[in-house]
Amino acid sequence: MATTDAGLASDAHEQPGHGHSDHGHGDHDHPSYLAHHFDTPEQQFDSGKLGMWLFLVTEVLFFSGMFCAYAIFRSWRPEVFEGCSQFLNTKLGAINTGVLLFSSFTMAWGVRCAQKEQHKLLTVMLATTLSCATVFLGVKAIEYSHKWHLGLLPAGLFSYDPSNPHPVGGPNYLAYICAPFVLITIGVAIWLVVSFLRGAKFQLECAKPLMVVCLCFFVGVGLGTILESGGDAGHHEDDHAVVASADGVAAEHGEEHSHGEAEEHAEHEAPTAAAVVTLPAAGAMTDDSADLAVLERLASDSTNTGLQDELAARKAQSERSGGGILYDVSDDASATVASAPENVLRPSRAGVFFSIYYCMTGIHAIHILAGIGVMVWLLVRSIRMDFNRNYFGPVDYVGLYWHIVDMIWIYLFPLMYLIR
């Protein structure tokens with residue numbers, strides 16, 4: 001329907017099979033970009049924008065349901081959400097937030113270019129927005145693969161082990177995630193080379209920005225790898241902090257573990273050690289007992305129940321002392337079930353957090369992929385110079401969609417990454 005001579009109604013009606021007259025319009029000033037059931041471009045634009053807003057309202061309602069689920073579960077277990085949030089890399093989330101904000105800027109600029117018929121600049125803006133989207137997905141691929149490797153999975157699959165936080169081996173999840181993008185990049189590269197060899201100018205103009213867009217995914221993967229590896233030290237600290245919390249020790253204890261200060265650790269446990277009494281080593285209570293044989297002989301009499309009990313007690317003490325039994329004489333009157341610390345890393349609890357995390361961020365990523373598909377369509381039409389000052393609705397509609405997707409991430413980032 002769209003042509004490069006948009007607005008020239010006479011040319012449009014000369015195309016074979018266009019057939020506006022077949023619909024009984026009889027209006028020879030009907031431009032090619034104007035659908036036959038609209039009278040003016042303004043009417044078409046307003047109708048399209050109303051439909052887009054209705055669609056976006058359903059999107060907002062859809063995500064609102066997930067945000068409500070998040071609020072309910074977090075109100076039930078705030079300590080679980082705060083503890084599990086420590087496994088999310090704030091740097092990666094912040095980078096992705098900046099990337100999406102910049103993509104919103106370039107998308108809005110692209111709408112302006114479409115209105116002013118700046119076709120080349122519109123192509124650049126759309127390609128830049130697409131590149132930001134693929135960088136976002138590349139960083140997200142690193143984030144997902146790292147968590148899957150640690151066993152930080154949704155409920156039912158959660159297998160994180162605090163005693164072995166960085167397991168060796170396992171599937172290469174990053175390769176699985178990157179495989180489709182590798183295939184798409186190879187396909188675009190082949191298309192670029194073939195177009196160049198055949199001298200197909202339009203195909204070549206389309207393949208060049210798409211090639212850059214595909215490569216930007218791997219730029220995101222590299223950026224995420226650098227930030228994730230640089231944040232390993234911080235993750236170790238977080239792991240210790242979460243483990244300490246799970247054991248019921250104060251948060252400061254986790255910080256002491258992360259710094260590895262033995263002296264501070266000793267000072268931390270000094271009060272506990274003072275309240276502990278250790279019995280002598282195994283056998284110490286019986287080796288020096290010269291009367292043990294006499295006691296055993298006397299205890300053989302069934303009437304000497306007192307000696308029998310004393311002999312049994314000595315044997316029991318001798319056996320148990322071999323294990324270094326410690327008697328905690330501190331006041332444990334408050335050690336009730338109600339005061340027992342909550343284990344935030346229990347799979348049934350931590351799994352709920354990561355179920356919500358993967359559900360919300362995963363569906364958001366699907367919307368990113370959908371936006372990429374639509375913007376590729378806009379990119380091709382931009383190169384074909386389909387848009388003009390009277391027909392820029394598709395760019396405007398996709399811009400609205402992209403802003404909503406970005407806005408959802410603006411809410412996701414603090415709710416998931418910054419709650420600790």
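Phe354 touches Cys84, Phe87, Leu88, Lys147, Leu152, Leu153, Pro154 and Phe158, leaving aside residues up to four places away in sequence. Touching, or contact, means heavy atoms within 4.5 Å. The model is predicted, so local features need pLDDT of at least 70 and side-chain atom pairs count only at pLDDT 80 or more, while totals for chains, interfaces and linings use all residues. Residues are numbered from 1 along each chain as its sequence is written, and side-chain values use heavy atoms, with hydrogens and water left out.

Phe354 also belongs to the largest nonpolar core, which has 80 residues. Phe354, Tyr357, Ile368 and Met416 have the most contacts inside this core. A nonpolar core is a set of buried Ala, Val, Leu, Ile, Met, Phe, Trp, Tyr and Cys residues joined through side-chain atoms within 4.5 Å. Buried means under 20% relative accessible area, exposed over 50%, and partly exposed in between (1.4 Å probe, protein chains only). At least two residues of the core come from each of helix 2 (41-76), helix 3 (78-85), helix 4 (90-115), helix 5, helix 6, helix 7 (201-230), helix 14 (347-383) and helix 15 (393-417). Helix 14 gives the largest share, 15 residues. Another core, of seven residues, lies apart from it; Cys132, Val135, Cys216 and Leu227 are among them.

Now to the chain as a whole. It has 15 helices and two strands. These are DSSP runs numbered from the N terminus: helices are H or I with at least four residues, strands E with at least two. Buried residues make up 40% of the 420 residues.

Helix 5 (residues 119-150) and helix 6 (residues 173-198) pack at an angle of about 150 degrees, their axes 8 Å apart. Axes are lines fitted to C-alpha atoms, for helices over the stretch in contact, and angles run from 0 to 180 degrees between N-to-C directions. That angle makes helix 5 roughly antiparallel to helix 6, a term for angles over 145 degrees. From helix 5, Leu137, Ala141, Ile142, Tyr144, Ser145, Trp148 and His149 meet Tyr173, Leu174, Ile177 and Phe181 of helix 6. The residues of this contact divide into nine nonpolar, two polar and no charged. Here Ala, Val, Leu, Ile, Met, Phe, Trp, Tyr, Cys and Pro count as nonpolar, Asp, Glu, Lys and Arg as charged, and the others, Gly among them, as polar.

Finally, Asn96 sits in helix 4. Asn96 counts as buried because its relative accessibility is 0%.

Conventions: Angles under 35 degrees count as roughly parallel, over 145 as roughly antiparallel, 65 to 115 as roughly perpendicular and the rest as oblique.
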